[in-house]
Amino acid sequence: MTLVWILLALLLVAGGLSYRGWAKARHRDRLLASPLTDEQRAIVMKLVPMVRRLPAELRPALEGRINRFLDQVTFHGYGGVEIDDGLRLSVAAQACLLVVNSPDWFETLRTVLVYPSAFDTRRPRHDGELVHENGAHAAGESWARGPVVLSWDHALRGGLDPDDGHNVVMHEFAHQLDSLTGQANGVPLLRKGQRFDNWERAMLDAYEGHVRRVEAGHATLIDPYGATNHQEFFAEATVTFFEKPAAFRREEPALYAELATLFALDPAEWA
Ligand SMILES: [Zn+2]
């Protein structure tokens with residue numbers, strides 16, 4: 001008799017857990033299928049003009065992901081930064097452009113911390129592994145499994161100019177994608193059928209050429225900060241892929257092709 005009760009209790013627990021999983025998936029799917037309001041869409045177009053270039057068939061996917069992002073992530077402002085719709089939508093839209101057509105998602109990210117401008121990286125530390133820091137004053141930081149820390153001044157300007165090759169939000173969220181493997185090392189989760197040896201050769205060839213040009217003091221298409229190490233190169237190459245795609249495809253066709261497969265996007269063909 002006792003055994004029957006234990007079995008019944010186990011069944012109830014299993015049922016409860018599967019219901020929770022089902023409800024969560026349903027909530028997520030509803031967010032992904034929801035469009036932005038007209039007002040939200042206007043803010044995104046104004047603050048992140050790169051979105052206007054996105055092929056029309058990908059717009060609903062971007063809006064759904066922005067909704068999911070805003071549902072999942074809490075923003076905290078410091079130093080007088082006010083968290084308003086403009087800030088949330090600007091950051092969410094820039095981050096979600098990276099994954100608009102890919103199965104990757106910022107699964108473990110729950111918080112984005114925002115400072116008014118470049119912030120002091122010597123402040124007390126959060127728990128977790130820091131992907132990078134850029135001297136004592138940084139425009140952004142990405143911690144494995146979250147949080148992402150941003151300078152609003154840099155994040156806003158990065159979104160407003162889609163062609164200058166600088167975008168701190170895309171840079172930090174590229175680190176978030178890189179960290180999904182458990183280790184940020186410039187090798188993110190590759191797509192099905194994407195071969196690691198091809199990825200590695202394209203990345204290493206481009207990285208070594210980049211380091212040589214930076215050390216020789218030559219101008220480079222990818223930001224010189226990419227010469228720091230493999231993960232910074234991946235983050236900066238990602239920014240260049242979105243912001244200077246035609247030049248990137250010309251200069252680094254093999255790496256462009258790998259990133260196009262990774263993100264399932266071809267920004268050099270966008271209007
Ligand atoms: Zn970085």
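Predicted model: local features only at pLDDT ≥ 70, side-chain atom pairs only at ≥ 80, totals over all residues.

1. Residues are numbered from 1 along each chain as its sequence is written, and side-chain values use heavy atoms, with hydrogens and water left out.

2. Helix α1 (residues 2–32) and helix α3 (residues 59–72) have axes that come within 7 Å and cross at roughly 130°. From α1, the residues His27, Arg28, Leu31 and Leu32 meet Pro60, Gly64, Arg65, Asn67, Arg68 and Asp71 of α3 (contact: heavy atoms within 4.5 Å). Sorted by class, this contact of α1 with α3 comprises three nonpolar, three polar and four charged residues.

3. Asp104 belongs to the loop between α4 (85–97) and β2 (111–115). Asp104 counts as buried because its relative accessibility is 10% (buried: under 20% relative accessible area, 1.4 Å probe, protein chains only). Leaving aside residues up to four places away in sequence, Asp104 touches Val99, Leu177, Leu180, Leu189 and Arg191. With Arg191 there is a side-chain to side-chain polar contact at 2.8 Å (a pair of N or O atoms within 3.5 Å, one able to donate a hydrogen and the other to accept it).

4. Val211 is part of helix α7 (residues 196–215). With 17% relative accessibility, Val211 also counts as buried. The C-alpha atoms of Val211 and Gly226 are 8.2 Å apart, although 15 residues separate the two along the chain.

How values were computed:
Axes fitted to C-alpha atoms, helices over the stretch in contact; angles between N-to-C directions. Helix = DSSP H or I, 4+ residues; strand = E, 2+ residues; numbered from the N terminus. Nonpolar A, V, L, I, M, F, W, Y, C, P; charged D, E, K, R; others polar. Buried < 20%, exposed > 50% of the residue type's maximum accessible area, 1.4 Å probe, protein only.
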